[in-house]
Each structure stands twice: as C-alpha cells, then as structure tokens.
Amino acid sequence: MRSKYAKQVVEKLKHNYEGEQEYLQAIEELVDYSQLERSLNERFVGDNVLERLLLPDRVISFKVPWVDDDGNVQVNQGWRVQHSNLIGPYKGGLRFHPTVTESVLKFLALEQTFKNALTGLSIGGAKGGSNFDPKGKSEREIMRFCQAFMDELFRHIGPNTDVPAGDINVGTREIGFLFGRFRRLQNQFTGVITGKDTEFGGSPARIESTGYGVLFFAERALQTQGSSLQDKTICISGAGNVALHAAQKAIALGAKVLTLSNSKGCLHTDKGLNESQLEQLLQAQHSPNLEAFANEHNLNWQQDKKPWQIACDIAIPCATQNELTGDDAIQLIENKVQWIFEGANMPCDAEAIKCFRESRVTFAPAKAVNAGGVAVSLFEMGQNASFSSHSFEELEQRLKETMYEIHDNCLSDGSNDYLQGANSFAFNRLVQARILQGI
Ligand SMILES: NC(=O)C1=CN([C@@H]2O[C@H](COP(=O)(O)OP(=O)(O)OC[C@H]3O[C@@H](n4cnc5c(N)ncnc54)[C@H](O)[C@@H]3O)[C@@H](O)[C@H]2O)C=CC1
Ligand SMILES: O=C(O)CCC(=O)C(=O)O
C-alpha cells in the first residue's frame with residue numbers, strides 16, 4: 001500500500017516524466033516493494049527524501065560525431081546519467097545499443113544506485129551509453145566511435161568522481177579504446193574505468209564476475225531452503241557476458257543448462273550443455289552465432305522462440321529489460337519453475353513479477369543477483385588506487401563472500417521476500433545518508 005506521501009511523489013514523477021516508461025516502471029517497483037511505510041517518519045517526509053532519492057543528480061546528454069570507414073560523418077546521441085554519489089563515487093556501466101534512450105539509462109542508473117547500496121560497499125550509482133549500434137561495424141569504426149564518445153565523457157568522470165564500466169556491447173575491447181582515449185586526453189593513468197584488460201590494471205575476475213555472482217547468489221538461496229544446485233535444470237536467456245559465465249558456473253556447480261538465446265531465437269538441449277561446449281561459446285569473439293552452433297552440435301534451434309516455454313527448475317533471464325513478460329511467467333509457473341534469479345537488469349516486466357509473487361515461486365531481483373560485477377569493479381578500483389594486484393582465485397573467493405552477504409542482506413528484514421528485502425536494505429542505507437548529509 002502506498003502512503004499518501006509516496007503516492008504524491010509517484011504521481012508528480014509520472015506527470016513530469018510521462019513517456020519515460022522504463023524509468024517510471026523502475027520507480028513503481030521500488031516504491032511498491034520496499035516497506036516504505038517503515039521509513040515514514042517526520043524527517044523522511046519533511047525533507048522530501050523519497051523524491052530526492054528517485055531523481056538523478058544530473059543527466060548529461062551530448063552528440064557523438066564519428067567518421068565511418070567510407071569517410072562519412074555519422075552522429076549518435078550519448079548520455080551519462082549520474083544518479084547519486086551519496087555513498088561513493090558515481091559508478092555504473094556504459095551500453096551501446098540502438099534501443100538506448102534517456103529513459104532506459106535513467107532506469108538503469110536508478111537501479112544501479114540501489115544495487116550498489118545493497119552491496120554494503122562504498123559505491124554511488126550511474127549509467128551511460130549511446131544509441132550507437134555496433135552490429136556490422138568494423139573494429140576501426142568501433143574504435144573511432146569510442147574515442148569520439150570519450151572526447152565528451154572525459155570531462156565528467158574521474159577515479160573519485162564517476163567510474164564507468166561495460167554493459168551490453170561494451171566489453172574489454174571497447175573499454176580499452178575508451179581508457180586509451182581518456183589516458184591521452186588527461187595524461188593520467190588512473191582507475192577511471194573498470195573492466196580493463198589485465199595488462200593495464202584490469203581485475204582478472206571482472207569478466208566472469210557478474211555471471212559467476214548470479215550463481216553464487218543462487219547457490220546461497222537454494223542452501224537456505226535446504227536444497228542445492230546439483231542436477232537442477234536451468235533455462236538461461238542471452239548469450240553474452242552474463243549469460244555465458246552464469247552457464248559456465250552453473251555447470252561447474254552440478255546443474256544442467258538447457259537453453260541460451262539471442263534476439264533471433266533459442267538454443268535448447270534436454271541433456272544440458274557440457275563444459276567444452278561452453279568453452280567454445282566463450283571463445284567466440286563477441287556474441288556467438290547460436291544458430292550455427294546448434295546446427296554444428298546437433299542441438300535444437302527454435303527460431304523466434306524464448307527459453308521460457310521450456311520446463312525447468314530455475315529460470316535466469318540474462319539478456320535485457322522486459323524480456324520476460326506476464327505470459328512467459330504463467331508458462332514457467334505452469335511448468336513448475338521454482339526459482340527466478342534476474343541476471344539482466346529488470347528482465348521481468350511488472351506483470352511477470354506480480355505472477356511470480358502470487359505463486360509459490362522464489363523471485364530474486366537483479367539489484368541483488370547481478371551485483372557481483374559492480375562489486376568486483378570496486379575491487380579493481382581499489383587495486384588501481386593502491387597499484388596492487390590480486391589473483392583470480394582470491395577475487396573469486398571475495399566475490400563469493402560478497403554475494404553471500406548480499407543474499408543475507410536481502411533476508412535481514414525477516415520478510416523472507418528477496419524483492420522487498422533488497423529494496424528495503426538499499427533504501428535504509430540511502431535514506432540515512434541522505435538525511436545525515438542535509439538538504
Ligand atoms: N556485463 C556486466 O557486468 C553486467 C551486465 N548486467 C546486465 O546483464 C544484461 C546482459 O549484459 P551483458 O551480458 O553484459 O551484455 P552482452 O552484450 O555481453 O550480451 C547481451 C546478450 O543479450 C542478447 N540479447 C539482446 N537482446 C535480446 C533479446 N531481446 N532477446 C534475447 N537476447 C537478447 C544478445 O544477443 C547478447 O547475447 C544486461 O541487462 C546488463 O545490463 C548487469 C550487471 C553487470
Ligand atoms: O561494474 C560496474 O561498474 C557496473 C556494472 C553494471 O553496469 C551493472 O551492474 O549493471
């Protein structure tokens with residue numbers, strides 16, 4: 001139930017940001033599943049804390065002119081949404097995809113702020129990117145685009161100000177181009193961006209950390225319910241960084257991965273993918289061609305299908321926002337799914353979340369489940385600040401401990417409800433910081 005104050009704030013934001021569907025969706029989810037009534041004291045309402053926490057500090061919007069291989073000048077839109085640096089420097093990834101809009105980045109920056117608070121670490125929240133589509137572009141075009149993007153971004157970031165990282169279509173290669181440009185523009189070698197190659201300050205576990213973290217969270221959740229991942233069947237969507245590393249760790253922990261997917265369709269095998277198949281998929285430069293891979297390995301390829309029609313114990317959406325709808329949720333529930341772990345950011349739409357919560361399915365939200373990536377990013381920042389390095393094994397162990405702690409933070413309010421627990425934990429931290437730092 002929304003209080004009168006929460007209702008007023010949400011109505012005002014809906015009015016002011018009409019049309020920013022993703023941003024408003026994230027606001028409504030936070031407000032509706034946070035036990036906000038517990039924070040409703042005089043100070044919270046009097047200082048208008050809720051509205052101040054939901055609005056970004058600033059949205060930086062800029063043009064990105066770059067030269068394609070034919071010598072033509074192309075122009076894309078770039079953004080950096082700095083949502084909050086209340087508890088640490090702004091931090092969050094960059095996404096290059098034609099579906100990127102200001103609304104998408106505002107939702108991602110808001111989610112990032114709450115995710116980062118939930119880790120218990122000192123990290124603020126931001127997100128950025130461009131509507132640039134790297135599909136079909138040459139490596140030189142991607143490099144020139146990254147350089148042009150940094151030509152504007154560099155004046156807004158810094159190791160104690162704002163530290164970007166990767167996200168969809170921004171991996172180690174793009175981070176290298178972005179970092180190289182920043183270094184030359186500023187004549188500084190600092191931890192201004194994470195996800196770097198290990199040859200120049202990157203953390204050896206950052207690439208794996210989000211996907212592995214998802215599985216550590218799942219492992220802890222199942223343990224808490226007296227179960228384990230051994231022999232559980234898992235449907236995963238996507239075939240990028242998060243999806244493939246989640247699949248790799250799931251197999252290592254004894255589970256069976258039945259699916260992967262992309263926007264064209266779904267790869268399916270009842271037997272489960274094996275370690276060597278996963279290794280081959282991980283070797284592919286950027287996203288693998290799943291259809292060709294399915295044909296080569298005698299696996300099923302289902303054109304235009306999503307993984308959610310296939311019966312499984314656990315579903316882990318790892319592609320993009322709103323990829324799992326209410327109808328998909330009904331199908332999964334009919335097929336007796338028991339656990340949903342969100343690997344992507346906001347992959348389940350509002351209707352799907354409602355369906356899961358009304359059934360007996362355990363639903364764990366992205367801001368808890370996929371926080372391993374940003375946590376290891378913070379380790380990379382620490383490593384850069386102290387000119388030190390850590391082994392992969394050491395970082396993986398720290399990642400596992402961090403994911404277990406995030407899991408336990410979600411349950412610390414005693415509600416046994418991951419969505420409410422995650423939002424409430426993050427809200428409490430941010431509300432305290434907001435009030436203590438004045439108006
Ligand atoms: N990379 C990271 O460290 C983190 C990523 N995330 C989130 O995880 C999700 C995936 O990101 P990454 O794996 O890094 O990106 P990526 O660029 O490596 O992979 C994205 C994958 O999703 C697939 N995809 C895109 N749209 C799709 C659709 N409509 N249906 C099915 N598949 C689709 C693409 O084919 C690709 O395989 C995003 O929501 C991102 O925000 C969250 C936390 C950290
Ligand atoms: O590593 C980071 O800074 C951010 C990762 C990210 O974009 C996310 O958690 O969604």
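Author: Domain bounds come from an automatic or database domain assignment. The structure here is a predicted model, in which local features need pLDDT of at least 70, side-chain atom pairs count only at pLDDT 80 or more, and totals for chains, interfaces and linings use all residues. Residues are numbered from 1 along each chain as its sequence is written, while chains are lettered from A and ligands numbered from 1 in the order in which they are written.

Reader: Into what domains is the chain divided?

Author: The assignment gives domain 1 (4-54), domain 2 (58-190) and domain 3 (209-369). Between the centres of domain 1 and domain 3, taken over C-alpha atoms, there are 32 Å.

Reader: Why is ligand 1 said to lie between domain 2 and domain 3?

Author: Residues of the shell around ligand 1 come from both domain 2 and domain 3, so the ligand lies between them. A residue is near a molecule if its C-beta atom, placed from the backbone, lies within 6 Å of it. Around ligand 1 there are 25 residues, the closest being Gly240, Asn262, Ala319, Ala344 and Gly373. Two or more of the shell residues come from each of α9 (241-252) and β7 (256-262), and α9 gives the most, with three. Such helices (H or I, at least four residues) and strands (E, at least two) are DSSP runs, numbered from the N terminus.

Reader: Why does Asn289 count as partly exposed?

Author: A residue is buried if 20 or more other C-beta atoms, placed from the backbone, lie within 10 Å of its own, exposed if 12 or fewer, and partly exposed in between. Asn289 has 14 C-beta neighbours inside 10 Å and therefore counts as partly exposed. Asn289 belongs to the loop between α10 (275-283) and α11 (290-296).

Reader: How do you know that β8 and β9 pair?

Author: Two strands pair if DSSP finds at least two bridges between them. Strand β8 (residues 265-268) and β9 share four bridges in the antiparallel sense, and Cys266 stands opposite Gln302 in β9.
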